Amino acid sequence: VQLQASGGGLVQAGGSLGLSCSASGLFVGNYHMAWFHQAPGQERDLVAAIRRNGATYYSDHVKGRFTISRANSKNTVYLQMNGLKPEDTGVYYCAASQNVEWRTAGWYNSWGQGTLVTVSS
């Protein structure tokens, strides 16, 4: 199983970035798929998830600004980030969960390598 995250970079506050997570060895439509954010020195926090049934979840901090989506035909999950803030800076990881639970990092079986997002003020 491999999750390949891409799309990070440097952006000014208020700008936008789109992240992609390309999967191999699993079918994204059969897993809970999520994006986690890890700021320097902080724990890895769930920011957005798309469940097997297609339902989406967003943390309060990103609700209304980020959008998670899934393209089954491309076996890829996306995170569109708009209205970026300096506190969004950090490494973004995509992850896949086969478990019933999906709300915390411990339930995720597979992780991508992370992509760095830096938002300047």
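## The disulfide

Cys21 is buried, with a relative accessibility of 0%. Its partner is Cys94, and the two form a disulfide with their sulfur atoms 2.2 Å apart. Keep in mind that this is a predicted model. Cys94 is tucked away as well: its relative accessibility is 1%, so it counts as buried.

As for handedness, the torsion about the S-S bond of Cys21 and Cys94 is about 65 degrees, so this disulfide is right-handed. Cys21 sits in strand S3 (residues 17-24) and Cys94 in strand S9, so the pair ties together parts that are 73 residues apart in sequence. If you go looking for others, a search of the whole structure finds one disulfide.

Now for the charged pairs. The count comes to two salt bridges. One of them joins the side chains of Arg65 and Asp88, at 2.8 Å from N to O. Arg65 lies in the loop between strand S6 (56-58) and strand S7 (66-71), while Asp88 lies in the loop between strand S8 (76-81) and strand S9 (90-97), so this pair links parts that are 23 residues apart in sequence.

Both ends are out of the way: Arg65 is buried at 13% relative accessibility, and Asp88 is buried with a relative accessible area of 1%.

## The exposed salt bridge

Asp60 and Lys63 make a salt bridge too, with their closest N and O atoms 3.4 Å apart. Here you're looking at exposed residues: Asp60 has 67% relative accessibility, and Lys63 has a relative accessible area of 51%.

Key: Residues numbered from 1 in each chain as written. Predicted model: local features only at pLDDT ≥ 70, side-chain atom pairs only at ≥ 80, totals over all residues. Heavy atoms only, no water. Salt bridge = Lys/Arg side-chain N within 4 Å of Asp/Glu carboxyl O. Buried < 20%, exposed > 50% of the residue type's maximum accessible area, 1.4 Å probe, protein only. Helix = DSSP H or I, 4+ residues; strand = E, 2+ residues; numbered from the N terminus. Disulfide = S-S within 2.5 Å.
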